[in-house]
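Here's a quick tour of one model, written for someone who would rather look at side chains than read tables. Keep the structure open and follow along.

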Amino acid sequence: MRIDCLTLFPDMMRAVLEESIIGRAGKAGLLDIRYTNIRDFAENKHNRVDDTPYGGGMGMVMQAGPIYRAYQSVLDSAVKPPRVIYMSPQGRVFNQEIAKELSEEEHLVFLCGHYEGVDERVLEELQAEELSIGDYVLTGGEIPALAVIDAVARMVPGVLPSEDAYSEESLYNGLLEYPQYTRPPVFMGREVPEILLSGHHENIKAWRREESIRRTAKKRPELLAQAELTDKEKALIEELLQPVGKE
């Protein structure tokens, strides 16, 4: 997968994406992550990329021209037009389903805005898809883009050891992940559940499934509506969600 980042702060993104699992995947050739500094396409001696908004108002707006030229530089080496993502609080809220969807793309471009946003005309020209990571405002699009790229890139085949490395995690199948434990077997008087020490893989699998359901019902019950559940599991959920004191 190729990922291009159009940003005013390429070093900020490199510092994250060239470390740990994503960094190793890049070195192994599984990911091709590139960084384009929008300021390099400003066409003025001060590399200015923003201006005051038409109609007045607070703050500055990123100009269409530098962004468009930066994007065109990406197209020069692209096999086909990429899918363009603009990180914006106005976009649809990013989730695991969208991460799976994006992980199947061959080429993604992330546009990271700043100030009061970017000129609407360049979003229209690039046919940019807006994504949000939540209902709050940050100082720029780099942090949201990093979160999305991390979630997407780890699902690209080969980045993690196997599909099991992410398919059993929270939210992948509509449930939160079961509790995890490691050595020592006793910590501060708290023991590891005996079943995890039994070596009986089927029983462990069943226990983990039930714990995922219990944890989801307790912490994020709204997720259960989208999960694939057996009749027995649905009955368990009805019991777990029953109001305290009701028979």
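## Arginine 83 and its partners

Arginine 83 is buried, with a relative accessible area of 18%; buried here means under 20% relative accessible area, exposed means over 50%, and partly exposed is what falls in between (1.4 Å probe, protein chains only). Arginine 83 lies in strand β5 and glutamate 129 in strand β7, so their pairing ties together parts that are 46 residues apart in sequence. That pairing is a salt bridge, with 2.9 Å between the closest N and O atoms; the term covers a side-chain nitrogen of Lys or Arg within 4 Å of a carboxyl oxygen of Asp or Glu. Helices (H or I, at least four residues) and strands (E, at least two) are DSSP runs, numbered from the N terminus.

Arginine 83 also forms a salt bridge with glutamate 101, and there the closest N and O atoms are 2.4 Å apart. This pair links distant parts of the chain, with glutamate 101 in helix α4 and arginine 83 in strand β5, 18 residues apart. Glutamate 101 is partly exposed, at 31% relative accessible area.

## About the model

One thing to keep in mind: this is a predicted model, where local features need pLDDT of at least 70, side-chain atom pairs count only at pLDDT 80 or more, and totals for chains, interfaces and linings use all residues. Residues are numbered from 1 along each chain as its sequence is written, and side-chain values use heavy atoms, leaving out hydrogens and water.

## Other charged pairs

How many salt bridges does a search of the whole structure find? The search turns up 16. One of them joins arginine 2 to aspartate 4, with the closest N and O atoms 2.6 Å apart. Arginine 2 is buried at 9% relative accessible area, and aspartate 4 counts as buried too, at 2%. In general, side chains of opposite charge can pair when their charged atoms come close.

## Helix α4

Now for the helix that carries glutamate 101. Six of the eight residues of α4 (residues 96-103) are buried, so the helix is largely enclosed by the rest of the structure. The buried ones are Gln96, Ile98, Ala99, Lys100, Leu102 and Ser103. They pack against β5 (83-93), β6 (107-111), β7 and α6, where contact means heavy atoms within 4.5 Å.

At the start of α4, a side-chain oxygen of asparagine 95 comes within 3.1 Å of the backbone nitrogen of glutamate 97. A polar contact is a pair of N or O atoms within 3.5 Å; within protein, one must be able to donate a hydrogen and the other to accept it, and residues adjacent in sequence count only if both atoms are side-chain atoms.

## Threonine 7 and the cysteines

Threonine 7 sits in strand β1 (residues 2-7) and is buried, with a relative accessible area of 0%. A polar atom of its side chain lies 2.8 Å from the backbone nitrogen of phenylalanine 9. Not counting residues up to four places away in sequence, threonine 7 touches Met13, Thr36, Asn37, Ile38, Cys112 and Glu142.

As for disulfides (pairs of cysteine sulfur atoms within 2.5 Å), the structure holds zero. Cysteine 5 is in none, and the nearest cysteine sulfur, that of cysteine 112, is 6.1 Å away. That is too far for a bond. Cysteine 5 counts as buried at 0% relative accessibility, and cysteine 112 likewise counts as buried at 0%.

## Valine 118

Valine 118 lies in the loop between β6 and α5 (120-126). Is valine 118 buried or exposed? Valine 118 is buried, at 9% relative accessible area. Leaving aside neighbours within four places in sequence, valine 118 is in contact with Val61, Met62, Ile67, Tyr86, Gly113 and Leu123. Serine 20, on the other hand, is 98 residues from valine 118 in sequence and 32 Å from it in space, C-alpha to C-alpha.

## A nonpolar surface patch

Back on the outside, Phe9, Met12, Tyr136, Leu138 and Ile143 form a nonpolar patch on the surface, with about 460 Å² of accessible area together. Among them, tyrosine 136 lies in the loop between β7 (129-132) and α6 (142-153), and this tyrosine is partly exposed at 45% relative accessible area. Patches are made of residues with over 30% relative accessible area and no salt bridge, with like charges joined within 9 Å and nonpolar side chains (Val, Leu, Ile, Met, Phe, Trp, Tyr) within 5 Å. The areas come from the Shrake-Rupley method with a 1.4 Å probe, and for residues only the protein chains shown count as cover.
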